[in-house]
Amino acid sequence: YFCVLGGSATNSYATTNLTVTDFTGLQSAFTTANANTAEDYVVTINGTIQATAPLTLTNAKMTLAGSGTIQGYDSTASGNTKSSLIRASGSALTLDGVTISGHKGYAAVSLRSSSFTMKSGAIKDNTSTQAGGAINSTNSYITMAGGEISNNTTADGGGGIHARCYVYSAPTSTDLLPNMNTANFKNDRR
């Protein structure tokens, strides 16, 4: 693989604060953010929201904040298409307090040409049939400023984080390192 990443941009975004209490509200927040890419959406979740389908963020900026949980769904179940719970493409996604757990299928969070910042919260107890139990990243920037990535499993590489062509800002404290993640490695000669 050949990757070139670099450069920086300063953008000024208007901020829209939303509080959601159910999956329909969360889906609506993602849809609204995708339609209004000149705004920064701060979505507050304080309870448990049971997901029933993937959430897609495209060319948008969103922070998932609060003390709540997004409970994943079993995308491997009959009738479902295997998917990540959150798919970000060309976007900036921040996790600040929210827990993402219990997803089965692909990685809980899938990043493509995006940035991901984890300030606090957790991505835990997810199971992937492909690389990356918690996060699968391609051509993306990942910053771990806090939080927990733990107890994620995968049938391929990267029980916690699987990254290709990326920039990873490592935590300065060992308390922030991804831990207790399991991967069954394949011989990847790419």
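## Where β13 meets β17

In what sense do strand β13 and β17 pair, and over how many bridges? In this predicted model, β13 (residues 135–138) runs parallel to β17, and 4 bridges link the two.

## The open sheet

That pairing belongs to a wider arrangement. The strands β4, β7, β10, β13 and β17 make up an open sheet of 5 strands, in the order β4-β7-β10-β13-β17, with parallel pairing. At the edges lie β4 (55–58) and β17 (161–164), each of which pairs on one side only. Going from one strand to the next, the twist averages 10°.

A helix joins the picture here. Helix α1, covering residues 23–35, packs on the sheet and touches both β4 and β7 (86–89). The direction of α1 makes about 15° with that of β4.

Now let's turn to β8, which spans residues 92–101. This strand is mostly covered, with 7 of its 10 residues buried.

Strand β6 (residues 69–71) pairs with β8 in the parallel sense, over 3 bridges. Within this pairing, Q71 has S101 of β8 as its bridge partner. Strand β11 (residues 115–124) also runs parallel to β8, and 8 bridges join them.

Key. Residues are numbered from 1 along each chain as its sequence is written. This is a predicted model: local features need pLDDT of at least 70, side-chain atom pairs count only at pLDDT 80 or more; totals for chains, interfaces and linings use all residues. Side-chain values use heavy atoms; hydrogens and water are left out. Buried means under 20% relative accessible area, exposed over 50%, partly exposed in between (1.4 Å probe, protein chains only). Two strands pair if DSSP finds at least two bridges between them. Axes are lines fitted to C-alpha atoms, for helices over the stretch in contact, and angles run from 0 to 180 degrees between N-to-C directions. Contact means heavy atoms within 4.5 Å.
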